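Please keep the sequence and the coordinates in view while reading.

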Amino acid sequence: MRLLSHARPAMEMLTTGLAAASDLGAEIGGRLRINAPRPSLPLLVNRLLPDFLEEYPKVQLELVGDDSLADIVEEGFDAGIRLGNYVQLDMISIWLTPPEPFIIIGSPDLFARNGRPSRPDQLKDFRCIELKLDSDADSQWHMQEDDVPVAVQIRGVLVANDVDTCVRAALRGVGLFRLPRSIVMHHLVAGALETVLDEFATGIPGLSLYYPSRSQSLPKLRAFIDFATKRMRREFQSEDYIAMGNPAGQQTNTRP
């Protein structure tokens with residue numbers, strides 16, 4: 001058994017090397033499985049498609065939305081995409097998107113009815129929307145006051161495990177919600193949502209793509225990394241998260 005345990009890593013390295021060598025002369029193709037947070041999927045589609053698939057027509061791209069920190073090796077993915085500080089250990093990581101603020105949003109109707117908080121400790125008096133991922137709800141919002149981190153306990157009148165659901169609820173005036181600014185830029189530009197407490201907002205590091213070191217020789221993954229880093233690293237635009245098929249200037253109707 002000890003001999004087998006020592007031999008297995010060597011055999012894996014040999015197998016990977018042979019596979020890479022056989023791929024060198026082959027046309028780039030095959031299924032490429034990418035695990036990414038569900039809220040980031042519209043951004044990936046708008047920035048990368050259909051151009052990536054037109055450049056590499058033999059590739060079948062599989063995008064799987066998953067808000068948990070999946071074990072991409074165990075679950076058979078070629079790579080994963082997560083916020084920069086939530087990348088698995090022992091992985092090669094490449095940054096994709098720039099850092100941005102974590103903002104608090106609400107509808108104009110909500111602010112007209114209830115006013116606007118001017119300090120983080122006033123959030124306890126406002127209805128809020130909690131995002132629940134895995135088993136924990138985001139019942140504490142982390143902010144910064146006088147350059148000191150503060151954790152504010154919120155009153156969640158709605159708890160949901162989907163960012164889009166939370167945004168739709170915020171558009172309906174259900175409560176305040178906290179999320180990365182890029183996701184709702186188009187609603188902010190349109191005036192359907194407004195921000196509060198911007199001066200107390202914390203930042204997030206942006207998205208990173210990560211993958212096992214033994215996968216770096218895969219031509220399909222190398223092609224995706226090269227394409228994605230060129231397309232994803234520019235500053236966010238208001239149309240990054242909306243359906244690109246809409247006529248110019250027309251906003252998606254998210255309020256039934």
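Strands β5 and β11 run antiparallel and are joined by 4 bridges, with Ile-104 standing opposite Arg-178 in β11. The model is predicted, so local features require pLDDT of at least 70 and side-chain atom pairs pLDDT 80 or more, whereas totals for chains, interfaces and linings use all residues. Residues are numbered from 1 along each chain as its sequence is written, and side-chain values rest on heavy atoms, without hydrogens or water. Strands (E, at least two residues) and helices (H or I, at least four) are DSSP runs numbered from the N terminus, and two strands pair if DSSP finds at least two bridges between them.

Over 3 bridges it pairs with β13, where Gly-203 faces Pro-101. Another 3 bridges connect β5 with β12 (residues 194–196), and here Ile-105 stands opposite Thr-195. Of the 7 residues of β5, 6 are buried, that is, under 20% relative accessible area, with exposed meaning over 50% and partly exposed in between (1.4 Å probe, protein chains only).

β5 also contributes two or more residues to the lining of the largest pocket, as do β3, β6, β7, β8, β11 and β13. β11 gives the most, with 4 residues.

Attention now turns to helix α2 (residues 41–48), in which Leu-43, Leu-44, Arg-47 and Leu-48 are buried. Seen down the axis of α2, these buried residues fall within an arc of 100°, so they line one face of the helix; the arc is that of the directions from the helix axis to the C-beta atoms. They pack against β1, α3, β2, β3, β14 and α7, contact meaning heavy atoms within 4.5 Å.

Some backbone details remain. Pro-50 lies in the loop between α2 and α3, and the peptide bond from Leu-49 to Pro-50 is cis, with omega near 5°. In the loop between β8 and β9, Asp-146 has a positive phi of about 55° although it is not a glycine. Asp-146 is exposed, with a relative accessible area of 67%.
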